[in-house]
Amino acid sequence: MKERHLGRSGLLVSRLGLGTMTWGQDTEPDEAAAQLVAFAEAGGTLVDTADVYCDGDSERILGALLREVVDRDAFVIATKAAIRPNGRYDGSRRHLLRALDASLDRMDLDHVDLWQLHVYDPATPLEETLSALDEAVTSGRARYVGVSNYAGWQVSKAAAWQRAWPGRAPIVSAQLEYSLLSRDIEREVVPAALDAGAGLLPFSPLGRGVLTGKYRTGIPAGSRAAAPRFADFVQPYLDEECARIVESVVTAAEGLGVSPLSVALAWVRDRPGVAAPIVGARTAAQLEAILDSEDLTLPNEIRAALDDVSDMSPAHQ
């Protein structure tokens with residue numbers, strides 16, 4: 001798998017990241033191990049988690065695998081903080097540094113490679129929130145820092161504050177939802193990230209699974225849309241406009257002799273500013289299908305056609 005620099009930093013990451021949000025809930029430890037091994041064998045390095053994923057079990061499972069199954073030094077480990085277990089946003093210095101220490105304990109690590117602010121907390125002064133990033137880096141508990149789910153102005157403000165004084169930790173990444181079905185970040189976040197030198201880490205690059213084409217004729221049993229806790233997550237992308245975009249992806253895939261998944265993932269992977277889409281899979285078999293997209297580069301005419309057809313997606317109107 002090819003590598004890219006994360007934004008304008010010196011940190012190299014695989015151009016596909018492995019998401020672990022379901023580890024400990026839908027993905028059991030043995031299946032997680034199979035995924036991590038397959039990802040490593042494909043040359044993948046970036047692994048993304050968060051302190052609130054599955055009540056910390058995602059980090060616990062990842063930590064155990066780094067100790068017992070794979071070489072920790074072969075991976076770029078990224079985690080996030082700023083959401084309490086009760087769902088409340090908390091960007092206070094006190095909460096963030098306690099959360100980082102708890103993440104390190106769960107993973108049995110002395111540092112993470114990338115520590116990200118999971119959400120923007122409007123109730124805490126931004127300079128206080130960002131001071132926790134500086135402390136994390138200067139203390140050696142994190143090597144690089146970034147943000148997640150920040151609006152364009154929030155990315156710009158955070159990045160400018162960090163650049164304003166020597167010694168502050170620069171913002172090197174911005175993690176947000178981005179796919180052919182969700183292009184709204186192109187309005188403000190992408191320009192802000194490019195200006196700030198932050199690499200984009202898109203999550204849900206397959207349109208919450210819809211761009212694989214599996215919902216074209218209904219909702220399959222066992223799919224996320226069939227699960228009560230995920231139904232509301234997938235439903236917004238099951239309307240007629242999104243179906244039109246999916247059909248275009250399927251047509252492109254048929255013409256190229258590849259899967260719709262590969263087309264959709266290659267499209268977002270090679271967008272301006274993108275360092276690595278974050279992909280999640282419940283099984284190793286699903287992950288293998290995702291990894292098969294590595295060799296695909298979309299022809300310019302197909303990329304342009306997909307740009308055009310997805311320009312009228314609900315999120316982009």
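The model is predicted, so local features need pLDDT of at least 70 and side-chain atom pairs count only at pLDDT 80 or more, while totals for chains, interfaces and linings use all residues. Residues are numbered from 1 along each chain as its sequence is written, and side-chain values use heavy atoms, with hydrogens and water left out.

Tyr 120 and Trp 153 sit edge-to-face (planes over 60 degrees apart), at 5.6 Å centre to centre and 70 degrees between the planes. This pair links distant parts of the chain, 33 residues apart: Tyr 120 is in the loop between strand S6 (112–117) and helix H4 (126–138), and Trp 153 is in helix H5 (residues 152–163). Helices (H or I, at least four residues) and strands (E, at least two) are DSSP runs, numbered from the N terminus. Together with Tyr 150, Tyr 120 and Trp 153 form one aromatic cluster.

Tyr 178 and Trp 267 make another edge-to-face pair, with 5.9 Å between centres and 70 degrees between planes. Tyr 178 lies in the loop between strand S8 (171–177) and helix H6 (189–196) and Trp 267 in helix H9 (residues 260–269), so parts 89 residues apart in sequence are tied together. Tyr 178 is buried at 1% relative accessible area, and Trp 267 is buried at 0%.

Elsewhere, Ile 219 falls in the loop between strand S9 (199–203) and helix H7 (228–234), and counts as partly exposed at 46% relative accessibility.

How values were computed
Buried < 20%, exposed > 50% of the residue type's maximum accessible area, 1.4 Å probe, protein only. Phe/Tyr/Trp six-rings, centres within 6.5 Å; stacked < 30°, edge-to-face > 60°.
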